[in-house]
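Please look over the protein shown here with its domains, its nonpolar cores and one of its helices in mind. The briefing is arranged by those topics.

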Amino acid sequence: MSAQQPTDSIFSQLDAYGHKKVVFCSDPDTGLKAIIAIHDTTLGPAFGSTRMWTYRSEAEALYDVLRLSKSMTYKCAVAGLNMGGAYSVIIGDSRRDKTEAMMRKFGRFIKNLNGEFITSEDVGTSPRDMEYIRMETEHVTGIPESLGGSGDPGPVAAKGVLMGIKAAVREMYGNDTITGRSVIVQGIGHVGETLVKLLRDENAKVYVSDINEDKLRQVSKKYGAEAVSNNSIFDIDADIYSPCALGATINTQTIAKLKVGIIAGSANNQLQDEEEHGKMLLEKGILFAPDYVINAGGIINCYSELQGYSKRRTMQLTENIYEATRNVLKLSKAENISTIEAANKIAEKRIADIRKVKSTY
Ligand code: NAD
């Protein structure tokens with residue numbers, strides 16, 4: 001996506017990313033300072049999580065929310081969901097500054113958008129915060145199961161990542177059998193741990209790494225995975241590298257070291273620079289299953305919640321990630337373009353097609 005900088009003027013950033021609407025929410029009584037960015041609503045109401053983070057500046061917060069919301073538009077489009085893309089950020093320290101009143105006030109801002117924006121939890125927000133927002137507006141998902149919600153989306157996201165891995169394995173090796181394949185899972189949190197379980201259930205050889213040493217010991221023992229240090233993961237000879245922690249782990253330095261055939265994981269924005277590093281992977285013959293295509297299980301879970309949650313329907317939609325990934329990989333091969341470029345093309349085409357449908361009788 002476009003290489004805008006946080007220092008560019010607000011309207012030039014909105015133009016470059018193609019945003020429809022950005023709402024600045026300020027409430028001195030509760031200390032709320034938030035930005036809701038609605039990128040595109042062609043496919044339906046805009047969906048996006050709410051992140052609370054200690055941004056160093058307002059410009060940095062705006063930059064983050066614009067990038068995240070555009071990715072959501074593309075994620076929904078490729079997953080075949082009838083939802084547009086948005087995101088919101090709250091500026092502040094979630095451990096120190098967050099209160100019930102702040103979250104409920106934020107809920108009132110969402111309410112005033114009359115369903116144009118629907119949110120869920122992210123870094124710095126929790127199901128409890130979604131309950132507070134729910135007290136003010138119905139336009140929120142990620143509510144606990146005990147309150148009729150869909151609960152933790154992590155395991156669904158993990159299932160989707162497994163589908164993406166299988167599609168990539170098929171493209172690379174001719175069949176989608178995971179048995180005997182070796183996978184490095186970096187980050188064993190909500191998504192990563194379930195992914196380790198699913199891979200071990202199919203007898204894959206799994207390496208795990210995490211900065212949390214206790215968790216690393218516990219997960220490696222529980223599933224029979226080999227614990228490795230975070231520094232050594234790029235030296236391991238394996239079939240698949242699955243980043244399930246942070247973004248931007250794929251960059252010029254790590255691409256030079258990587259000894260895997262496939263990259264497929266849940267972390268958002270894995271490529272430090274989409275264009276440059278997407279091309280480098282293509283040239284090196286490493287198959288990259290684009291993050292936003294294969295990590296759509298989380299959003300699919302929220303989408304199902306909005307439609308009256310059904311586990312069966314959620315799993316069906318999540319299994320479609322296999323075909324969605326295959327389509328991306330086929331287009332990349334046919335046009336000799338990076339897989340991220342292929343995914344973007346598919347997303348943009350669907351949005352353009354549906355825009356035409358909606359603009360004609
Ligand atoms: P999480 O916070 O539960 O787990 C992340 C894990 O990564 C933690 O165990 C943490 O200790 C570890 N970690 C952090 N920095 C690390 C590092 N440098 N090296 C190794 N391990 C490190 O998060 P999650 O919900 O499992 O999400 C993981 C990633 O997937 C995130 O990038 C998230 O944005 C993305 N994602 C999550 C979902 C979901 O439904 N949870 C859906 C789509 C995408």
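The model is a predicted one, and the domain assignment of the protein gives domain 1 (10–66 + 85–147) and domain 2 (154–296).

**Domains**
- Between the C-alpha centres of domain 1 and domain 2 the distance is 29 Å.

**Nonpolar cores**
- The largest nonpolar core holds 92 residues, and the members that touch the most others are Ile165, Val185, Leu195, Val196, Leu199, Tyr241 and Ile263.
- Helix 2 (residues 58–78) contributes the most to this core, giving ten residues, and both domain 1 (10–66 + 85–147) and domain 2 (154–296) supply at least three residues each.
- Leaving aside residues up to four places away in sequence, isoleucine 165 is in contact with Ile178, Leu195, Leu199, Ile240, Ser242 and Ala264.

**Helix 3**
- Helix 3 (residues 100–111) has twelve residues, which at 1.5 Å a residue should span 16 Å, and this agrees with the 16 Å between its end C-alpha atoms.
- Its buried residues are Met102, Met103, Phe106, Gly107 and Ile110; seen down the axis of helix 3, the buried residues fall within an arc of 145 degrees, so they line one face of the helix.
- The elements against which the buried residues of helix 3 pack are strand 1 (21–27), strand 2 (32–40), strand 4 (50–53), strand 5 (84–91), strand 6 (117–118) and helix 4 (127–134).

Definitions and conventions: Residues numbered from 1 in each chain as written. Predicted model: local features only at pLDDT ≥ 70, side-chain atom pairs only at ≥ 80, totals over all residues. Heavy atoms only, no water. Domains from an automatic or database assignment. Core = buried A, V, L, I, M, F, W, Y, C linked by side-chain atoms within 4.5 Å. Buried < 20%, exposed > 50% of the residue type's maximum accessible area, 1.4 Å probe, protein only. Helix = DSSP H or I, 4+ residues; strand = E, 2+ residues; numbered from the N terminus. Contact = heavy atoms within 4.5 Å. Expected span 1.5 Å × (residues − 1). Arc of directions from axis to C-beta.
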